[in-house]
Amino acid sequence: MTPMAASVYYPATQPCWYSSYPRRRRDAVVVAASASSSPEETKDVVIVGAGIAGLATALSLRRLGVGATVLEQGPSLRAGGTSLTLFKNGWRVLDSIGVADELRAKYLRFQGMRMRSSVGGRDLREFSFEEEAPGQEVRAVERRVLLETLASNLPPGAISFSSKLKSVAGQGADGTLLELQDGRRLRSKVVVGCDGVNSPIARWMGFSEPRYVGHMAFRGLADYAGAGGHPFEPKVNYIYGRGLRAGFVPVSPTKVYWFICFNSPTPGPKNTDAAALKKEALELVRGWPDDLVAVMRSTPDDSVVKTPLVDRWLWPGVAPSASRGGVVLVGDAWHPMTPNLGQGACCALEDAVVLARRLAPAVLATGVGEALREYERERWGRIFPLTARAGLVGALVQWGNPAVCAVRDGVVIPRLVRLGPFLEHTNFECGLLEPAPPSP
């Protein structure tokens, strides 16, 4: 992998403070007239946020011959977060931007899914992807490695670290003016907001704060390197309780990702004590199957995170437009969704390719407004139903009523669930991005 120091820019300012993914707290973006005398830099495309959405958008545009500057408020790529699951629609995007095989070589392909009860670990159902969803490709990847892989395929200078957005200082026929905390001023034909679930750019565009859905999640990444590897088959493991569910998946020969989702009326106070977080997570699953508990105990304390689950439903006629002038939203900044379908990262990757395909010809020509509106029309019809479906699935599986849980465990999962129809949404075809010819 290309050393990161060779492909980034560090302005001569002190780093901006930030907290780790996924609930990074950002200062609000101020809309203000600038009194600064700093010279303006002119750009075609500025992407705010070097997360999955931002880096995938930059790489997609690059393959179509359009360069972009990526602003990241932190001093380096975000190392926070644990792992994420990508289904075949996500892998198709990674194929289209040329990084899939590099990642496939590092991570296990899941062969199926096992669903159990928390009571005695009783088996409820087991699925084979090959038999019930032929052609499905599911792997979990480490978030850090995915970001590094995307970034290493961008040209030197594409990512500007320690570059925190201070204000959207104005919009006009010549583009959108951005002011950064370090005093720099950028005027760009297009600004792509990829600044995450708490996006200041989304707030500037009039979007509401994401809605807390009443569920909290613990996540962790167990490390079995010292033990010579873990003993688990490449399967997704789900365990269901009352108002509580958990699961784990082998990511690589030495890493296992796990999660716990539990009901909570409020997110409660933020706890940064890593050891206390791990202890709290273990208390939730006391008496649950031994393999889950063993995975959690094999997790370094600093690899455990606790986050509220949130979403934003883009109701037609109510939600603001995804673009305003030359500013557009991508990924969690536009449509945060709960993880119940495993589609948050996949949809962010899809956004990146669709936006790049719409935007590249417009940037290379004249106006971009219609291209951004076409992107929104194309994506809204997919994003809104998926966000709603993910929220409804989460509400159903988090029921705590004993009678409802008995029906779920005795009838719904063993007899009614069909994996193929349930994963129909992963059949999205993004197509290939044909690389632009090299510059002479």
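The following legends describe several close-up views of a predicted model.

Residues are numbered from 1 along each chain as its sequence is written, and side-chain values use heavy atoms, with hydrogens and water left out. Because the model is predicted, local features need pLDDT of at least 70 and side-chain atom pairs count only at pLDDT 80 or more, whereas totals for chains, interfaces and linings use all residues.

View 1. Helices (H or I, at least four residues) and strands (E, at least two) are DSSP runs, numbered from the N terminus. The C-alpha trace spans about 70 × 45 × 45 Å along its principal axes. Of the 440 residues, 56% are buried, where buried means under 20% relative accessible area, exposed means over 50%, and partly exposed lies in between (1.4 Å probe, protein chains only).

**View 2. The open sheet of 7 strands, with the order β7-β6-β14-β15-β16-β13-β17.** Pairing in this sheet is mixed, and two strands are taken to pair if DSSP finds at least two bridges between them. The edge strands are β7 (123-128) and β17 (305-311), each of which pairs on one side only. Neighbouring strands of the sheet are turned by 20 degrees against each other on average, direction ignored; the axes are lines fitted to C-alpha atoms, for helices over the stretch in contact, and angles run from 0 to 180 degrees between N-to-C directions. Strands β15 (residues 244-250) and β16 (residues 255-263) run antiparallel and are joined by 7 bridges, and Val249 has Tyr257 in β16 as its bridge partner. Phe127 belongs to strand β7 and is buried, with a relative accessible area of 3%. The C-alpha atom of Phe127 is separated by 23 Å from that of Gly243, which lies 116 residues apart from it along the chain.

**View 3. Strand β3 and its parallel pairing with β12 and β4.** Strand β3 (residues 40-48) pairs with strand β12 (residues 185-193) over 8 bridges, and with strand β4 (residues 69-71) over 3 bridges. Val48 takes part on both sides, standing opposite Gly193 in β12 and opposite Leu71 in β4.

**View 4. A salt bridge between Arg185 and Glu40.** Side chains of opposite charge can pair when their charged atoms come close. A salt bridge is counted when a side-chain nitrogen of Lys or Arg is within 4 Å of a carboxyl oxygen of Asp or Glu, and by this rule the count comes to 32. The side chains of Arg185 and Glu40 meet at 3.8 Å, N to O. Arg185 lies in strand β12 and Glu40 in strand β3, so the pair ties together parts that are 145 residues apart in sequence. Arg185 counts as buried at 10% relative accessibility, whereas Glu40 counts as partly exposed at 36%.

**View 5. Ser162 and its positive phi.** Phi of Ser162 is near 50 degrees, a positive value in a residue other than glycine. Ser162 lies in the loop between β9 (159-160) and β10 (165-172), where it is buried, with a relative accessible area of 5%.
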